[in-house]
Amino acid sequence: MTEDSRYHEVSALAVQRFEEAIGWRAGLPCATTNLPIAFLSHVVRAAVDVTEDRRPEPLMPELGAKGVNGGGSVHPLQAVRIGERLERVTEVEDRYTKAGADGPLDFVVVKNSFATPGGSVVAFSRMWMIYR
Amino acid sequence: MGTEVWQEAGSALDAGGGKGSWSLALPPVTMTQTAYYCAAAGVRDPIHYDRLFARELGFRDAVANGSLRLGWLCYAGEALAGPDRRLLSVRCQHRGPLYVGDDIRLEVVVEPSPKLDARQRKASLTVSSTAGVCDVGEAIFETGGAA
């Protein structure tokens, strides 16, 4: 399917802001590694690209505007360090329909892969968008 | 708070053979937190930081972001991994909305998973509020030394 590619700088400020928003949660200790937190800031940005108008533009412009975030997954493969520049590739990995209580539900699986300039994939994520 | 939970559950992951469960009460999500998160992540959907807007759409209150909730489970996964295990993946399925002000409980269950490789372990993660289960997820680890 169609792919969308963008570049992200893993800046110290972006990581810090994300850490503060996520990490001030009492009861959860500080991260022992910057790995998921660092790239999660990019995962989130990628998710925003998908959900801001509730459709994975420009990949699936035909979908309506009633999508909701059904969940996601995160797969760290190697350490991501401050200052690294990553290329994110977004693709619609799968699409299927399930019966819901109020009618059919369209499920769209959006995959984001993050790679170094050398082409080494450091992480990927999946997001399940649900459309009525 | 909760440090012993991560240590005990982490030890259970290393042991691999038995089943154990832990429960952790977490403070409610605050309006400041969702607003701060939206600013950090560049989220502009007011359903997360405008209570009146959310209520006009039929929600009980402002809704905690799905990606924020995934982030918390990633954080829990990191806490469970500690220095001795490698976090391979975190998955989160949203079962229902989590509202600002709701009390939250995180359940961690460690049990054998025959589908995984010999060095891999799984922890099930469930987030509940007073209204019921909000998120169901799991974290997969590799034991025997962190990467």
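The side chain of B:His94 makes a polar contact with the side chain of B:Asp135 at 2.7 Å; a polar contact is a pair of N or O atoms within 3.5 Å, where within protein one must be able to donate a hydrogen and the other to accept it, and residues adjacent in sequence count only if both atoms are side-chain atoms. This is a predicted model, where local features need pLDDT of at least 70, side-chain atom pairs count only at pLDDT 80 or more, and totals for chains, interfaces and linings use all residues. Residues are numbered from 1 along each chain as its sequence is written, chains are lettered from A in the order in which they are written, and side-chain values use heavy atoms, leaving out hydrogens and water.

**Around B:His94**

- You will find B:His94 in strand β2 (residues 86-94) of chain B; strands (E, at least two residues) and helices (H or I, at least four) are DSSP runs, numbered from the N terminus.
- B:His94 counts as buried, at 14% relative accessibility; buried means under 20% relative accessible area, exposed over 50%, and partly exposed in between (1.4 Å probe, protein chains only).
- The B:His94 side chain also reaches the backbone oxygen of B:Gly66, at 3.4 Å.
- Setting aside neighbours within four places in sequence, B:His94 is in contact with residues including A:Asn69, A:Gly70 and A:Gly71 of chain A, and B:Arg69 and B:Cys134 of chain B; contact means heavy atoms within 4.5 Å.

**Salt bridges**

- Over all chains, the whole structure holds 11 salt bridges, each a side-chain nitrogen of Lys or Arg within 4 Å of a carboxyl oxygen of Asp or Glu.
- One of them pairs B:Asp14 with B:Arg85, with the closest N and O atoms 2.8 Å apart. This pair links distant parts of the chain, 71 residues apart: B:Asp14 is in helix α1 (residues 3-15), and B:Arg85 is in the loop between α4 (66-81) and β2.
- B:Asp14 is partly exposed at 37%, whereas B:Arg85 is buried at 9%.
- B:Glu142 forms a salt bridge with B:Arg119, the closest N and O atoms being 3.9 Å apart. Here B:Glu142 sits in strand β5 (residues 132-142) and B:Arg119 in the loop between β3 and β4, 23 residues apart.
- B:Arg51, B:Arg55 and B:Asp61 are joined into one network by salt bridges that share partners.

**Helix α2 of chain B**

- Helix α2 (residues 31-41) has these buried residues: B:Gln33, B:Thr34, B:Tyr37, B:Cys38, B:Ala40 and B:Ala41.
- Seen down the axis of α2(B), those buried residues fall within an arc of 165°, so they line one face of the helix; the arc is that of the directions from the helix axis to the C-beta atoms.
- Just after α2(B), B:Gly42 takes a positive phi of about 75°.
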